[in-house]
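Here is a short report for a reader new to this structure. Please take a look at the sequence and the model before reading on.

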Amino acid sequence: MYEEDIEHALRARKYNAIRADERELINAITYDTDGIIKRRPCFGYSEEFIGELQEHDISVCDPDGNSDENWTFTLPPMY
């Protein structure tokens, strides 16, 4: 009886968590001065968001491709 409601709630929860992670990264980009931002592997980002970062010359290395198992975002140089 509640199966669909529970499934919807879990999907919404995941969606909201990803959006919160993305907003937090955007905030970190705004105030970064080092050019490299690292985030724990538990953070999640949508494919669309990663694509947008890459279109803006932000290099993205996911936890699977990183020796320290963190997300690494390398920003373009400041002008």
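Contact here means heavy atoms within 4.5 Å. The model is a predicted one.

## The nonpolar core

Start with isoleucine 50. Leaving aside neighbours within four places in sequence, Ile50 is in contact with Tyr45, Val60, Trp71 and Phe73. Ile50 also belongs to the largest nonpolar core, which has 13 residues. Six members touch the most other members: Leu25, Tyr45, Ile50, Leu53, Trp71 and Phe73.

Which elements each supply at least two residues of this core? They are α1 (3-31), α2 (47-55) and β3 (71-74). The most comes from α2, which gives 3 residues. In soluble globular proteins, nonpolar side chains tend to be buried together.

## Aromatic rings

A pair of aromatic rings is described by the distance of the centres and the angle of the planes. The whole structure holds 4 aromatic pairs. One of them joins tyrosine 45 and phenylalanine 49. This pair is stacked, with 5.9 Å centre to centre and 20° between the planes. Tyrosine 45 and phenylalanine 49 are both buried.

Tryptophan 71 and phenylalanine 73 form another stacked pair. Tyr45, Phe49, Trp71 and Phe73 make up one aromatic cluster.

## The helix α1

How many residues does α1 have? The helix has 29 residues. From its first C-alpha to its last, α1 reaches 43 Å. That is close to the 42 Å expected at 1.5 Å a residue.

The buried residues of α1 are Ile18, Asp21, Glu22, Leu25 and Ala28. An α-helix has 3.6 residues a turn, so residues three or four places apart point the same way. What covers the buried residues of α1 includes β1 (36-39), α2 and β3.

## Strands and their partners

Strands β1 and β3 run antiparallel and are joined by 4 bridges. Isoleucine 36 stands opposite threonine 74 in β3. Arginine 39 has tryptophan 71 of β3 as its bridge partner. Strand β2 (residues 59-61) also pairs with β3 in the antiparallel sense, over 3 bridges. There, valine 60 has phenylalanine 73 of β3 as its bridge partner.

In a regular strand the side chains alternate between the two faces of the sheet. The side chains of β1 alternate. Ile37 and Arg39 point to one face and are buried.

How many disulfides does a search of the whole structure find? The search finds 0. Cysteine 42 is in no disulfide, and the nearest cysteine sulfur, that of cysteine 61, is 16 Å away. Cysteine 61 is likewise in no disulfide. Why is neither cysteine bonded in this way? A disulfide needs two cysteine sulfur atoms within 2.5 Å, and for cysteine 42 the nearest one lies 16 Å away.

Cysteine 42 is exposed, with a relative accessible area of 59%. Cysteine 61 is partly exposed, at 25% relative accessibility.

## Residues in the loops

Most residues other than glycine have a negative phi, and most peptide bonds are trans. Aspartate 57 has a positive phi, near 60°. Aspartate 57 lies in the loop between α2 and β2. Its relative accessible area is 59%, so aspartate 57 counts as exposed. Glutamate 69 also has a positive phi, near 60°. Glutamate 69 is found in the loop between β2 and β3. At 53% relative accessibility, glutamate 69 is exposed.

Is asparagine 66 buried or exposed? Asparagine 66 is buried, because its relative accessible area is 16% and buried means under 20%. Asparagine 66 has its place in the loop between β2 and β3. Leaving aside neighbours within four places in sequence, asparagine 66 is in contact with Cys61, Trp71 and Thr72.

Technical notes:
Residues are numbered from 1 along each chain as its sequence is written. This is a predicted model: local features need pLDDT of at least 70, side-chain atom pairs count only at pLDDT 80 or more; totals for chains, interfaces and linings use all residues. Side-chain values use heavy atoms; hydrogens and water are left out. A nonpolar core is a set of buried Ala, Val, Leu, Ile, Met, Phe, Trp, Tyr and Cys residues joined through side-chain atoms within 4.5 Å. Buried means under 20% relative accessible area, exposed over 50%, partly exposed in between (1.4 Å probe, protein chains only). Rings of Phe, Tyr and Trp (its six-membered ring) pair if their centres lie within 6.5 Å; planes under 30 degrees apart count as stacked, over 60 as edge-to-face and the rest as tilted. The expected span of a helix is 1.5 Å times one less than its number of residues. Two strands pair if DSSP finds at least two bridges between them.
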